[in-house]
Amino acid sequence: MSRAYGANALFLAAFESAYGVPPAPGFVKFPFVSSSLGSEQGLIDSDILGQGRDPAAPSRDVIKVEGDVVAPVDLRYFGHWLKALLGPPATSGTGPYDHVYGSGAMALPSLAVEIGMPEVPAFFLIGGVRLNSLQMNFQRSGHANATFNAIGQGESRNNTSQGGVPATLPFKRFGQFQGQVKLDGAALANLTGANLTYTNNLERIETIRSDGKIDGADPTIAALTGAIEVRFADTALLDKATSGDPVALEFAYVISATEKLVIEAHEVYLPKPKRAISGPGGIQASFDWRAANNTAAGRMMTVTLTNDVETY
């Protein structure tokens, strides 16, 4: 009897032309760190009385298809993730190419995702997958990863892969040491850590259906929030937070001028934080910021991926 191992697991995905209808061709084999995306169906305890103290059989509840996927922040595959999160990019250039994604798209594409365990064999095909949120951390060292929360419509199990011969791309990963954060165009001094979360705030369309699936997952008001941790060495950030005036934050991973990922939050508001002293070491301040729509940029966030991929 073969046993499934994460080392051999497969993660394939393709964009759907119609929600919940997996395409025949077009699957891409993605590198990933972990995945909890899948379906679950809970049980409802029986409410029957008059049959003694032992309970009657439980009833089955609705099917939920959701979970998190942790993916490496890389030069090429990450463009597909951004397309699913934000919509198709505006691409310019003749190589290298600049792929520009913007927040606030009215309609988002959906994915068909297949998670396979070849040893069993069992291949779980999940249709109607939309990305709800993205979470990223910036720190001094380590791997650069992104956590995507996803909501799907339904799942089916097959004995063979439905992805055909999936496409692959040369894999080149960004490292945390290549990360940088800028405030109003200048490198942020005394920075010890930062994170950001973008969410589409998807709303499940939970209609009554015999198959237990949802009708869709529609985007509502988006949100971009995060935190920056700095050593308390001057009052520059504190003054900006106290004034109430917005600032611009830029998060980036840069290998070279032709290989980079830049995330711009055009209008960010900083709260006035406490300065906690917990011992003889350095004093830090944490700013839990949130972004808003910027009328000049026409959006809240712009993401630019520069690489050698012609189109997404």
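**Phe78 and the interior**

Leaving aside neighbours within four places in sequence, Phe78 is in contact with Pro72, Val73, Leu134, Met136, Ala146, Phe148, Leu261 and Leu305. Please bear in mind that this is a predicted model. Phe78 is buried, with a relative accessible area of 1%. The largest nonpolar core has 62 residues, and those touching the most other members are Phe78, Met136, Leu261 and Trp289.

Let me turn to the aromatic residues. A search of the whole structure finds 11 aromatic pairs. In one of them, Phe78 and Phe148 have ring centres 5.9 Å apart and planes at 50°, so this pair is tilted. Phe78 belongs to helix α1 and Phe148 to strand β10, so the pair ties together parts 70 residues apart in sequence. Phe148 is buried, at a relative accessible area of 0%.

How are the rings of Phe138 and Tyr253 arranged? Their centres are 4.7 Å apart and their planes are at 10°, so the pair is stacked. Phe138 lies in strand β9 and Tyr253 in strand β18, so parts 115 residues apart in sequence are tied together here. Both are buried: Phe138 has a relative accessible area of 7%, and Tyr253 one of 1%.

One aromatic cluster is formed by Phe11, Phe30, Phe32, Tyr77, Phe78, Trp81 and Phe148.

Conventions
Residues are numbered from 1 along each chain as its sequence is written. This is a predicted model: local features need pLDDT of at least 70, side-chain atom pairs count only at pLDDT 80 or more; totals for chains, interfaces and linings use all residues. Side-chain values use heavy atoms; hydrogens and water are left out. A nonpolar core is a set of buried Ala, Val, Leu, Ile, Met, Phe, Trp, Tyr and Cys residues joined through side-chain atoms within 4.5 Å. Buried means under 20% relative accessible area, exposed over 50%, partly exposed in between (1.4 Å probe, protein chains only). Contact means heavy atoms within 4.5 Å. Rings of Phe, Tyr and Trp (its six-membered ring) pair if their centres lie within 6.5 Å; planes under 30 degrees apart count as stacked, over 60 as edge-to-face and the rest as tilted. Helices (H or I, at least four residues) and strands (E, at least two) are DSSP runs, numbered from the N terminus.
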